[in-house]
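This briefing sets out selected features of the structure shown below, grouped by topic. Please read it alongside the sequence and the coordinates.

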Amino acid sequence: MRRRVGLSWSGRGRLAVSASVHDVRRRRRAALVVLLSSVLTVTSLTGSAVAIPGPGMDRTAQVDLPKPDEASIVDLDADEPTSLSRPADVPVEEYVPEHVTPWQAAADQTADLTGVAAGETVPVGDTPVRLGVPAGQDPAALAGTWQVDLASVAASTTANVPGMLMAVTPPAGVDPAASVAVEVDHTEFSDLFGTQAADRFRLNLLEGCSLPDTSTLECPEEEGVATQLASGTDSGPQLVKLSSQVEVERSTSRARTSQAAAEEGKRRLTGVVPVSLLTGSGEQPVPEQSPEPQESAESSKPEASAEAKETEAPSTSATPEEPKRDGKGDKESAQPSGESTAKPEESATTGVRPASFASSALEQTAGSSTSVLGALDMGASASGDFTAAPLSSSGDWAAGSSSGAFTYAYDIQVPEVPGGLMPQVSLGYSSQAVDGRTSAENNQASWIGDGWDYEPGSITRRYVNCKQDAKSNSGGNNASHPTHDLCYGSNNATMTLGGQTVSLVWESGKGWTTSSGDGSKVELLKDTGLANGDADGEYWKVTTRDGTQYFFGRNRLPGWSSGNAETGSVFTVPVAGNHAGEPCYIAGDFAGSFCEQGWQWNLDYVVDPSGNAMTLWWTAETNRYAKNWKFKKPVGYERGGWLRRIDYGLRSDALFSEAPARVSFTVEERCFAEGSLACTEANFTSKDPGDYRIWYDTPVSLQCKTTGDCWNASPSFFTRKRLDKISLTAQRTAGATGRSTVDVYQLEQSFPTMTANTALWLESIQRTGYGPGGIAAGKYKTLNPVKFEASPDYMPNRVLRGADDPRPGFARQRIGRVVNEYGGESVVTYSKPAGKCASGEGMPEQKENTLLCYPVAWHPDPSVDDEIDWFHKYVVTQVEELPAVSGASATATAYEYGTPALAARRGGVLQEVDPYVGEVRRIRHRHHDHRHRRHGDLGQAIQGDDPLLPRSRHRRDGQGHRGW
């Protein structure tokens, strides 16, 4: 019988064991411990101790190993290339201006309007001027012989007037309530003052000025227009902007989507001028449709406070709870800014008019002319608006694979430094950035080339045209004095950082946030002690979620003391606060309501949580304009600028020490020498258009001379520089404090022909690497350049509105072919305009648009209600990859797109346009890859930035050709 034993204490049903069993188990465990201890002791000994040879062993004997098979030399295949081959370069057709014939001065030219029907014009002698009867007007009111005295080109350039001057004298007895049609055919001199500069002409009356002869313009000696208060008194010359527009003739009425079909013939400026303004015979309201934005305001700038204090400013908006600026003081002229500021002209030469004129206005009676009529460059045309800031509204929609854009990035490999905080320098291209160039934007190509950019970081604020603001918002102190200066408008900001562009949103009581909601902390601070040029020292601080701080517009960096350099990172312009609650506003005193405001704060200081830092240094370009119509007393402002260098590898407590590494940006003039005509300062500042015309895509006619009157009535924004090369230097040897060259990236650019105009084009980038000792030691290597060629297709930006659209069109190029260092090619094919986007007729409502063209509301004159124009969007339809190495096959990828989804936004930067700016945000498409056997329908996104992939098909050609 089996003996029962009790359950163990644990109560788990296991039988209890006897004491003898426990003894056996204890002895076994002890033996195991001894064994493990021995093993651990042996394995912990050194290798030499374990490897002691045993008796009879000899470690000096050599072991014979089998020899590897010998390689056999194989003769080269006779058909194989022996050197790297590259496709032949496609020559660039350089732009040459065709229409530069100056008009001829002519006195006492006449035109008889007796019997001329309404809507018709007649020539005035042998001049390019025609007069006529406006449509819908009684011809009898203008009957009689009219006289025109046309001033010479020299008269205009001597007086610093960018355009044509004439005196129009009505016949005695003409009806002062009537208006006369004026037409100027500028076909032959459309490029005289620069590429298509005459397309920016608008009719203006230089009230109070006269033409004693065809070579002299005389204007009052006073210092310009006084502030027009309740009394309405003015003094000095005044620009009265008249209803006018530029029209072109075309050889065909078919849809103009090819270059041949879009060719334009005669170009003419047409407008309507009230007779009363020509005779001074009575008050005549300035026409509602005054077609160009351009006149100015006064700037005032407060003195820096004795104790500059850094405080957070909740933005200077129109809300009463926000602080106001109260600055005073005018910047009377542009201050020198290193190499960017034009030198004063040398002593006056013969033919230059005296510094002051005696007032010689003619009698203000019918039958005489009391003012001069001018066709002046006002900065805007159908090809773009130089009075807008240089930031396209496409900045926040030119990214993402769903955009259909062709993008390319050329990364600059900067030397590494301890700490790891280094700049990311990448030259980026996007075809959609070119699509975003509209008539409402500043369309000067970047300093790299059209469609390219490198933006290390900036924050831009947009202002509004004062005349437009006075029209849209009542209660302004400029209601009876609507100049074309910049007024504050609203609280807004746009930030570009890390290759992304986002809006900054102000919310009362909460401050600033990014529209993307990325968690960054955004602060607008004030410190006049930083002397950054802004009236109250505004600058920005952005802290990302990882703790890295980015400063925009600080100017004087931490640790700055007298004698240290300043970053020059803020570009300013006079801005008026014309409504209560806006910065610098003074009730009833428009002239006193101006401050120097920043319009662009550039990134100048970055520091990470560990104290590693880098600094960025800028150069501003200056200009002048006739603020508040003070043509004899212009003021200075910054019209643009460029990044000079980036210093990194620094510590935040020693920012002014020698930087271990640096990225330098070398700029050259935005022109190329032609024969004996060089890109010199003297030629840029010359009064002769033939000297400065070679700055082909720079509106030099809008650059006010450093002396004399300035007839630019509003600020304009452009650059005369291009990026020539990027140089990388670093400390390369232990203990060295100086830097030596590591890499140089050389850019090559040109001005190709694009129908009737041109824009800076990047042709290639070539890298040269340097070893220690550099060129002197013969240690360098230059790679083949990466080349960028334009698509051969004609790609207009603006959709011509039907068969009778009189406005000029404009076209820009997109990259069509990239050739890399090794000869491989990428060939890009874009969509072509089709349907309504090709004809320009039957366009849908803006909010219902599903076309590959988008609407923009704009007009070259802010006093005129905006009109809807349409602009093309081109998507990539195929990309061919053609390698230049043996054994690799060519591939072609085709893209198909579904229905575009659109979003409305507010366009423009300095000048707001209209809420109805359509943009192709999301496209439904499919992805299909035969090689990976993958297929998916990603549908159509309504919100968010997740990229959608197009449906693609790949084909390999066994012969290595471009098969598809």
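Strand S17 and strand S18 (residues 425-430) are paired in the antiparallel sense over six bridges; strands are DSSP E runs of at least two residues, and helices are H or I runs of at least four, both numbered from the N terminus. Two strands count as paired if DSSP finds at least two bridges between them. The model is predicted, with local features requiring pLDDT of at least 70 and side-chain atom pairs counted only at pLDDT 80 or more, while totals for chains, interfaces and linings use all residues. Residues are numbered from 1 along each chain as its sequence is written, and side-chain values use heavy atoms, leaving out hydrogens and water.

**The three-stranded sheet**

- The pairing of S17 with S18 belongs to an open sheet of three strands, ordered S17-S18-S19 and antiparallel.
- Strand S17 (407-412) and strand S19 (452-453) are the edge strands; each has a single partner strand, so one side of each lacks a neighbour in the sheet.
- Within the sheet, Thr407 faces Ser430 of S18.
- Strands of a sheet pair through backbone hydrogen bonds, in either a parallel or an antiparallel manner.

**Strand S36 and its partners**

- Strand S36 (residues 761-770) is largely enclosed by the rest of the structure, because seven of its ten residues are buried; buried means under 20% relative accessible area, exposed over 50%, and partly exposed in between, with a 1.4 Å probe and protein chains only.
- Strand S35 (residues 740-750) runs antiparallel to S36 and is joined to it by eight bridges, with Tyr745 opposite Arg767 of S36.
- Strand S37 (residues 780-782) is also antiparallel to S36, through three bridges; Tyr780 in S37 is the bridge partner of Tyr770.
- Strand S38 (residues 786-790) is joined to S36 by two bridges, again antiparallel, and Ile765 stands opposite Val786 of S38.

**The chain as a whole**

- The protein chain contains nine helices and 49 strands.
- Of its 964 residues, 53% are buried.
- Among contacts in the chain with a separation of 6 or more, 69% are between residues 24 or more positions apart; contact means heavy atoms within 4.5 Å.

**Nonpolar cores**

- The largest nonpolar core comprises 76 residues, and Trp540, Phe552 and Phe665 have the most contacts inside it; such a core is a set of buried Ala, Val, Leu, Ile, Met, Phe, Trp, Tyr and Cys residues joined through side-chain atoms within 4.5 Å.
- Strand S32 (residues 635-651) contributes the most to this core, with six residues.
- Apart from this core lies another, of 54 residues, including Leu150, Leu242, Val275 and Leu278.
- Beyond its neighbours within four places in sequence, Phe665 has contacts that include Val425, Trp447, Tyr454, Leu643 and Ile726.

**Buried strand residues**

- Met166, in strand S5 (residues 163-169), is buried, with a relative accessible area of 0%.
- Not counting residues up to four places away in sequence, Met166 touches Val129, Val148, Asp149, Leu150, Val184, Leu211, Val372 and Leu373.
- Met166 and Gly374 are 208 residues apart in sequence, yet their C-alpha atoms are 6.3 Å apart.
- Tyr539, in strand S27 (residues 538-543), is likewise buried, at 0% relative accessibility.
- Tyr539 and Glu523 are separated by 16 residues in sequence and by 8.5 Å from C-alpha to C-alpha.

**Cavities**

- There are six cavities of 30 Å³ or more; on a 1 Å grid over the protein atoms alone, a cavity is a set of points where a 1.4 Å probe fits but cannot get out, and its lining residues have an atom within 4 Å of a point.
- The largest cavity has a volume of about 320 Å³, where volume is the space filled by probe spheres set on the points, and points are joined across faces, edges and corners.
- This cavity is lined by 24 residues, with Thr195, Arg200, Ser383, Phe386 and Thr758 nearest its centre.
- The lining has seven nonpolar, twelve polar and five charged residues; Ala, Val, Leu, Ile, Met, Phe, Trp, Tyr, Cys and Pro count as nonpolar, Asp, Glu, Lys and Arg as charged, and the others, Gly among them, as polar.

**Positive phi outside glycine**

- Asp108, in strand S1 (residues 106-112), has a positive phi near 55° and is exposed at 52% relative accessibility.
- Cys584 has a positive phi of about 70°; the residue lies in the loop between strand S29 (570-576) and strand S30 (594-607) and is buried at 3% relative accessibility.

How values were computed: On a 1 Å grid over the protein atoms alone, a cavity is a set of points where a 1.4 Å probe fits but cannot get out, and a pocket is an open set with protein on both sides within 12 Å along at least five of seven lines; lining residues have an atom within 4 Å of a point.
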